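Here's a quick briefing for anyone meeting this structure for the first time. Have a look at the sequence and the model, then read on.

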Amino acid sequence: MFYRASKEIEIENKGSIREFWEDKQMRKNIFFANLVWSANTFNFYTIAFYIKYFPGSIFVNSLSLGASDIVSYSIAGLILRKTNTAVAMMIAFSVYITGSVIYQFVQSENVVPFIVVLCRAGNAMAFTTMYSTNNRLFPSHLLTSSYGILNLLSHVIAIAGPIVAEMSEPYPM
C-alpha cells in the first residue's frame, strides 16, 4: 500500500532540454562545445579514412595511428591535471596543426608516420579533454543530455569526413 499525499506537490522539471536554452551561459556552452566537438569528430574520422592515401606503408601508418592514440590519451590527462580546459585544448589543437603544416611541406615516406602521430595525438588529446571537461560546462543533472546533444550534432557533421577524405588533393589535408 502506497501513501499518497493529500496536497499536490509540483515536481520541478529539471534535466529537460529546454533548460539548455533558457540559461544564457548554458546556450553559450552548448554552442561553443558543439563547435569544438564537431571539428574534432570530423578530424578524427577524416584522418581514419584518409590514412590509406598517406605515402608509405599503410600498416606502419596505422600502427603509428594506434600507438599515438594510446600515448596521447594518457598525456591529455596529465596536461588537464596541470592546466585548465582552454589551455589543454590549445595544446591539443597546436599539436594537430603542427602535424598538418608539416604534412603540407614534407611528404617523405620516412616522415609520414611522425606526421600521423602528431595529427592523431592532437586529435586524441582533444577528445580526452572534451569528454573529461564536459562536467565543468554543465550541471550534473544535464550531463547525459549534453553528451547526447553534442555527440548527435558532432556525428551528423562527421558524416562528411569520409566524403572529404575521398576528395582529390589538396582538400583533405
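Let's start with Ser 68, which touches Val 116, Val 117, Arg 120 and Ala 121 once you set aside its neighbours within four places in sequence. Keep in mind that this is a predicted model. From that serine we'll move on to a second one, then to a pair of crossing helices and the nonpolar cores.

- Is Ser 64 buried or exposed? At 12% relative accessibility, Ser 64 counts as buried.
- Skipping neighbours within four places in sequence, the contacts of Ser 64 are Pro 113, Val 116 and Val 117.

**Where helix 2 meets helix 6**

- Helix 2 (residues 24–50) and helix 6 (residues 143–158) have axes that come within 8 Å and cross at roughly 45 degrees.
- That angle makes helix 2 oblique to helix 6.
- As for handedness, the crossing of helix 2 and helix 6 is right-handed.
- On the helix 2 side, the contact is made by Ile 30, Ala 33, Asn 34, Trp 37, Ser 38, Thr 41, Phe 42 and Tyr 45.
- Helix 6 brings Tyr 147, Ile 149, Leu 150, Asn 151, Leu 153, Ser 154, His 155, Ile 157 and Ala 158 to the contact.
- Sorted by class, the contact of helix 2 with helix 6 has 11 nonpolar residues, 6 polar ones and no charged ones.

**The nonpolar cores**

- Which residues touch the most other members of the largest nonpolar core? Out of its 21 residues, they are Phe 20, Ile 30, Phe 138 and Leu 150.
- Leu 150 touches Ile 30, Ala 33, Asn 34, Trp 37, Asn 134 and Phe 138, leaving out residues up to four places away in sequence.
- Another core, of 12 residues, lies apart from the largest one, and its members include Ile 51, Phe 54, Tyr 103 and Ala 165.

Technical notes
Residues numbered from 1 in each chain as written. Predicted model: local features only at pLDDT ≥ 70, side-chain atom pairs only at ≥ 80, totals over all residues. Heavy atoms only, no water. Axes fitted to C-alpha atoms, helices over the stretch in contact; angles between N-to-C directions. Helix = DSSP H or I, 4+ residues; strand = E, 2+ residues; numbered from the N terminus. Parallel < 35°, antiparallel > 145°, perpendicular 65-115°, else oblique. Left-handed = near helix turned anticlockwise from the far one by under 90°. Contact = heavy atoms within 4.5 Å. Nonpolar A, V, L, I, M, F, W, Y, C, P; charged D, E, K, R; others polar. Buried < 20%, exposed > 50% of the residue type's maximum accessible area, 1.4 Å probe, protein only. Core = buried A, V, L, I, M, F, W, Y, C linked by side-chain atoms within 4.5 Å.
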